[in-house]
Structure formats: C-alpha cells, structure tokens
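Please have the sequence and the model at hand.

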Amino acid sequence: MFKKTPSFEGSSSLSDSDSRPATAETPSAPTVPSVPRRVIGNRPFAFQSVEAHTLVVGEGIHIRGEISNAQRLIIQGSVKTERIVCTDFVIEEKGSFEGTVETENADIAGIMDGEIVIKDNLTVQSTGKLLGKTLYRKLRVEHGGRIVGDIEVLADDQA
C-alpha cells in the first residue's frame, strides 16, 4: 500500500514502506460561537435555534412593506411597516422599527417608533427606546431604558 508522507520542501511524496492502509484524518466539527441568551416572557430564546415562522432582519438590512405570518420577529436592522401581529417581537440594540405592533411579548433594546400593544410582557433594555403609544400588561424597564409618549396599562378584559 502507498502512504502519503511529507517531504522537506513542503510537498508530499508517496512511499510504499508502510504496509498499513492510509487513514484520512477526521475533520473536527466547526466551533459555534456562543450567543447571548435572552428571555422573552418565561421562555429562553437563543438565536442559534431559529424556529419556523421566525423572521430575522439582520444588521444592515432595511425592510419596508408588509410582513405576514411571522410568529417571532427579530430586528437587528430596520423595519418600516403599517402593522404587524406576532407572538414575540424583539428589537436588538442596533435595530429600529417604525409602525404598529400587536404582540404577546416584546423585548426592546433598539428603537421602536409608533404604537405597540403588548398582551403579556414588555421588557425595555437599558439601550431601548419606545417612542409613541405603548399599551402593556406587564412592564420591566432596565436602568437607562426610555419610554417617551403615551403609556397605558391594558385592563384584563382588553386584548
């Protein structure tokens, strides 16, 4: 059998001195960078486990128009739309949204400009800014987070 052996010049040569079959090195699995985990409501959320009906608008991407059938919307770029209805709404630190949103849970680390109705949990991160009208059931604002405009608590019979 032939075995590939390296030579001094950096090239390889074939040698029949070894009677064992050549073995291919097993490539190691690529390393996955760690991704910060966020908690939306009571559910942990990690960006490496994007599920069906999830729309991620990446950094540097700008969307204008209608978005439909997204259960989870994650904005790292910018979105401008009339109205969106989803279950989980996330604006990352460099993200921005302009329009109207109706959602169960919202996590705002970027800029939300318009009207937002949150039927369950609203979290405004320290870098987050809400401009316009905000209706919520449960609210958590980190030190530095801002809400500018009208803010109202949803009654139990409002949905």
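The points below cover the basis of the model, one glutamate, the nonpolar core and an aromatic pair.

The model is predicted: local features need pLDDT of at least 70 and side-chain atom pairs count only at pLDDT 80 or more, whereas totals for chains, interfaces and linings use all residues. Residues are numbered from 1 along each chain as its sequence is written, and side-chain values use heavy atoms, with hydrogens and water left out.

**Glu 102**
- Glu 102 lies in strand E9, residues 96-108 (strands are DSSP runs of at least two residues, numbered from the N terminus).
- With a relative accessible area of 18%, Glu 102 is buried (under 20% relative accessible area, 1.4 Å probe, protein chains only).
- Its side chain makes a polar contact of 2.7 Å with the side chain of Arg 83 (a pair of N or O atoms within 3.5 Å, one able to donate a hydrogen and the other to accept it).
- Beyond neighbours within four places in sequence, Glu 102 is in contact with residues including Ile 84, Val 117 and Lys 119 (heavy atoms within 4.5 Å).

**Nonpolar core**
- The largest nonpolar core has 21 residues (buried Ala, Val, Leu, Ile, Met, Phe, Trp, Tyr and Cys joined through side-chain atoms within 4.5 Å).
- Phe 89, Phe 97, Ile 108, Met 112, Ile 116 and Leu 122 touch the most other members.
- Strands E7, E8, E9, E10 and E11 each give two or more residues to this core.

**Aromatic pair**
- The whole structure holds one aromatic pair (ring centres within 6.5 Å).
- The rings of Phe 89 and Phe 97 have centres 5.2 Å apart and planes at 85°, so the pair is edge-to-face (planes over 60 degrees apart).
- Phe 89 and Phe 97 are both buried.

Terms used. Helices (H or I, at least four residues) and strands (E, at least two) are DSSP runs, numbered from the N terminus. Buried means under 20% relative accessible area, exposed over 50%, partly exposed in between (1.4 Å probe, protein chains only). Rings of Phe, Tyr and Trp (its six-membered ring) pair if their centres lie within 6.5 Å; planes under 30 degrees apart count as stacked, over 60 as edge-to-face and the rest as tilted.
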